[in-house]
Amino acid sequence: MSGHLTVVGLGPGDARYLTQEANVALAAADALYGYGPYLDRVPARAGQSRHTSGNREERTRATAALRHAAQGARVAVVSGGDPGVFAMAAAVCEEIEAGPESWHALDVTFVPGITAMLALAARIGAPLGHDFCALSLSDNLKPWELIERRLDAAAAAGFVIALYNPVSKARPWQFGRAIERLRVHLPGAAPIVFGRAVGRTDESLNVTTLDAADRIQADMATLIIVGSRETRVIARNGRSPLVYTPRAASEINA
Ligand code: SAH
């Protein structure tokens, strides 16, 4: 019997964001691997084993799942959002590349999910309506200097920037430094959107400006979208504002 490994995106939170394909993949698995809070979102099914691991244990989780699949099991590794965005899909690929020949022959699939920046964008309008990029502010796997260089380049080039992993207990100052870098390139009035726990019952949204960004508390469950010079806010009487980036860009912002 040949095993199978699937890396499944659960979307940002609530079950209504789980795709049909993800649901089918989860139901077909003999074993589920993932970070505890993500596995908690998957309903229990008879005959399915669960293998919970910590947030920073992607590597050991990937190798354990691959080993299990290589023994002939149907294994699903779960990620929040999309598994290919700062998550388990790349971790699994890294371990396959470094692993034994038998792992190269494994049947492996990837099931996309709604990533946090798309879930947040949909809440407030169309901030990603024109060119954008996504950056992780975590310096666990790359040097901080590289993050600053990429922030500089992205802001100077006029991209809207989605910031993943803005803050954690172990990384308290990085977000403040990122804001300082962005202020070098962007006007204080540039719109910034904070979305915390988007798609969950405790969701909170904040539309502010680069000038006032320090006043909003960000944490590990927060995604931030930094507007470009083109990004606009439509104030609406009695309704929350719409934030959008028009489809036509007029100038080079460097
Ligand atoms: N694979 C995930 C991202 C993992 S990195 C995805 O595609 O969404 C973890 C970071 O994602 C968090 O620090 C936060 O910045 C962001 N994030 C994940 N889920 C979120 C949610 N529901 N609301 C806001 N941000 C979220």
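I started with helix α1 (residues 20–27), whose buried residues are Ala22, Ala25 and Leu26. Buried means under 20% relative accessible area, exposed over 50%, partly exposed in between (1.4 Å probe, protein chains only). Helices (H or I, at least four residues) and strands (E, at least two) are DSSP runs, numbered from the N terminus.

I then looked up the packing partners. The buried residues of α1 pack against β1 (4–9), β2 (31–35), β4 (74–79) and β5 (107–111). Contact means heavy atoms within 4.5 Å.

This is a predicted model: local features need pLDDT of at least 70, side-chain atom pairs count only at pLDDT 80 or more, and totals for chains, interfaces and linings use all residues. Residues are numbered from 1 along each chain as its sequence is written, and side-chain values use heavy atoms, with hydrogens and water left out.

Next I checked Asp131. Asp131 lies in the loop between β6 (125–126) and β7 (132–136). Asp131 is partly exposed, at 46% relative accessible area. Leaving aside neighbours within four places in sequence, Asp131 contacts Phe159 and Val160. The C-alpha atoms of Asp131 and Gln20 are 29 Å apart.

Last, I took the whole chain. I found eight helices and 13 strands. Buried residues make up 46% of the 254 residues.
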